[in-house]
Amino acid sequence: MKKITNTEKNIAKMEKRKLKLESGVISEHYPEIASIFIKIKNSYGKKNPITIARDFRFLPDSHAYFNLECLNKNCADGGFDMTKVIVSMVKNRKLSKEGELLCHGTNLPPDHSHIFYKITIHYNKNK
């Protein structure tokens, strides 16, 4: 396992910030959405795994960027891209979905971190 330098971490943060800004806002892409809630339980570490519950709330003026960060500090280019799940839900006008995702990071074993998620979408009544 390669240790990630602070410079590499800062470059990755700047790239993610740029992608987030370029993603636009939810109301531009999905005017029918009033809000999106994502509840996750994130587990990482092989020995004595650590589990952390996190909640995310996206409103119409939130960025349409649904890549949640991996909490493992040695993870490079990782995270959990929820975009495909959310796009599919909106396309099929689903209200909720549950599932599991593995981190797609490149610096650690493929099973170093995973999440169980529940996504709930509230749609505008008039759209």
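**View 1. Helix H1 and the residue that follows its end.** Helices (H or I, at least four residues) and strands (E, at least two) are DSSP runs, numbered from the N terminus. Just after H1, Gly-24 adopts a positive phi of about 75°. The model shown here is predicted; local features need pLDDT of at least 70, side-chain atom pairs count only at pLDDT 80 or more, and totals for chains, interfaces and linings use all residues. Residues are numbered from 1 along each chain as its sequence is written, and side-chain values use heavy atoms, with hydrogens and water left out.

**View 2. The chain as a whole.** The chain has 3 helices and 6 strands, which follow one another from the N terminus in the order α-α-β-β-β-β-α-β-β. Along its principal axes, the C-alpha trace spans about 50 × 30 × 20 Å. Of the 127 residues, 36% count as buried; buried means under 20% relative accessible area, exposed over 50%, and partly exposed in between (1.4 Å probe, protein chains only). Among contacts (heavy atoms within 4.5 Å) with a separation of 6 or more, 62% join residues 24 or more positions apart.

View 3. A disulfide is a covalent bond between the sulfur atoms of two cysteines. Here the term is applied to a pair of cysteine sulfur atoms within 2.5 Å, and the structure holds 0 disulfides. Cys-75 is in no disulfide, and its nearest cysteine sulfur, that of Cys-103, is 3.6 Å away. Cys-103 is likewise in no disulfide. Cys-75 counts as buried because its relative accessibility is 14%, and Cys-103 counts as buried because its relative accessibility is 6%.

View 4. His-112 lies in the loop between strand S5 (96-102) and strand S6 (113-123). Is His-112 buried or exposed? With a relative accessibility of 6%, His-112 counts as buried. Apart from neighbours within four places in sequence, His-112 is in contact with Ser-43, Tyr-44, Gly-45, Cys-70, Asn-72, Cys-75, Cys-103 and Gly-105.

**View 5. The largest pocket.** A pocket is an open set of points on a 1 Å grid over the protein atoms alone, where a 1.4 Å probe fits, with protein on both sides within 12 Å along at least five of seven lines; lining residues have an atom within 4 Å of a point. The largest pocket holds about 790 Å³ of space. Its lining has 30 residues, of which Ala-12, Lys-13, Lys-16, Glu-69 and Gly-78 lie nearest the centre. H1, strand S2 (50-58) and strand S3 (67-68) each supply at least two lining residues, and H1 gives the largest share, 9 residues.

View 6. Thr-83 lies in helix H3 and is partly exposed, with a relative accessible area of 29%. Thr-83 and Asn-67 are 16 residues apart in sequence, while their C-alpha atoms are 7.1 Å apart in space. Arg-93 is found in the loop between helix H3 (83-91) and S5. Although Arg-93 is not a glycine, its phi is positive, about 50°. Arg-93 is partly exposed, with a relative accessible area of 41%.

How values were computed:
Grid points are joined across faces, edges and corners, and a volume is the space filled by probe spheres set on the points.
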